[in-house]
Amino acid sequence: MHARHIMSSPVTTVTRSESVIDCLRTMETTGFTVLPVVDDSQHLTGIVSEGDLLREQFRWSHSKAGENDTAREAPTAADAMSSPVVAMTAEADISDLASAMLKSRLRGIPIVHDKDIIGIVTRRDLISVLTMDDTHIAHEIQHRLDVYSGTRRWDVHVAGGSVTIDGTERDDPECGVIAALAETVPGVNDVSFS
């Protein structure tokens, strides 16, 4: 399974000049715990976590309380962000994503195409994949296939993440579409036809 199967898209980003308080407000309204930071060209330049933002805001508040008229300006995302940032492509395997998150201690990894952010994979996305059971996977695939065909033309069976689709032959021209629809469901390891 690849990043493109589980990433959130479109991505909520913040700019380098956005205040830490505004970044925290964005997190509060979106529910994200990590936000990519972009430059004026919308290219990835860093990443901020809620911990980074809180630490910078409290550091600024504490230093401001100890100063008179020379208090520094309110901190921005650029002050709090980690850079360079770990980013991966949409074709990155989820095991590589998990490994990178653990090594870097990040809560999310931006998914990029060239320098443009096309998605983000968070720890929550990885947990969803790990806790997906076969019944849920089968239900999700069946729903996608029924929407595609407009009727119930195929039956889906899942065992250990391996999907078998009954009701079509391997040489059916629709097999590619059916497999692609099934493979986009988190937790799918492979697809076969019977």
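Helices (H or I, at least four residues) and strands (E, at least two) are DSSP runs, numbered from the N terminus. This is a predicted model, in which local features need pLDDT of at least 70 and side-chain atom pairs count only at pLDDT 80 or more, while totals for chains, interfaces and linings use all residues. Residues are numbered from 1 along each chain as its sequence is written, and side-chain values use heavy atoms, with hydrogens and water left out.

**View 1. Residue S49 in strand β3.** Strand β3 covers residues 44-49, and S49 lies in this strand. S49 counts as buried because its relative accessibility is 17% (buried means under 20% relative accessible area, exposed over 50%, partly exposed in between, with a 1.4 Å probe and protein chains only). Apart from neighbours within four places in sequence, S49 is in contact with M27, T33 and V34; contact means heavy atoms within 4.5 Å.

**View 2. Helices α5 and α6.** Helix α5 (residues 94-104) packs against helix α6 (residues 123-130) at an angle of about 135°, and their axes are 11 Å apart. Axes are lines fitted to C-alpha atoms, for helices over the stretch in contact, and angles run from 0 to 180 degrees between N-to-C directions. α5 and α6 are therefore oblique to each other (angles under 35 degrees count as roughly parallel, over 145 as roughly antiparallel, 65 to 115 as roughly perpendicular and the rest as oblique). The crossing of α5 past α6 is left-handed; a crossing is left-handed if the near helix is turned anticlockwise from the far one by less than a right angle, and right-handed if clockwise. From α5, the contact is made by I94, A98 and M101, and from α6 by R123, L126 and V129. By class, this contact of α5 with α6 has five nonpolar residues, no polar residues and one charged residue (Ala, Val, Leu, Ile, Met, Phe, Trp, Tyr, Cys and Pro count as nonpolar, Asp, Glu, Lys and Arg as charged, and the others, Gly among them, as polar).

**View 3. Helices α7 and α8.** The axes of helix α7 (residues 134-149) and helix α8 (residues 175-183) come within 9 Å and cross at roughly 140°. α7 and α8 are therefore oblique to each other, and their crossing is right-handed. On the α7 side are I141, R144, L145 and Y148, which meet V177, I178, L181 and A182 of α8. The contact of α7 with α8 has seven nonpolar, no polar and one charged residues by class.

View 4. Most residues other than glycine have a negative phi, and most peptide bonds are trans. The peptide bond from S9 to P10 is cis, with omega near 0°, and P10 sits in the loop between α1 (3-6) and β1. S83 and P84 are also joined by a cis peptide bond, with omega about 0°; P84 lies in the loop between α4 (77-80) and α5. Q42, in the loop between β2 (34-38) and β3, is not a glycine but has a positive phi near 65°. Q42 is partly exposed, at a relative accessible area of 44%. R105, likewise not a glycine, has a positive phi of about 60° and is found in the loop between α5 and β4 (108-113). With a relative accessible area of 73%, R105 is exposed.

**View 5. Confidence along the chain.** The chain averages a pLDDT of 88, and 96% of the residues score at least 70; pLDDT is the predictor's confidence in each residue, from 0 to 100. Confidence in the chain is highest in strand β1 (residues 14-15), at 96, and lowest in α6, at a mean of 84.
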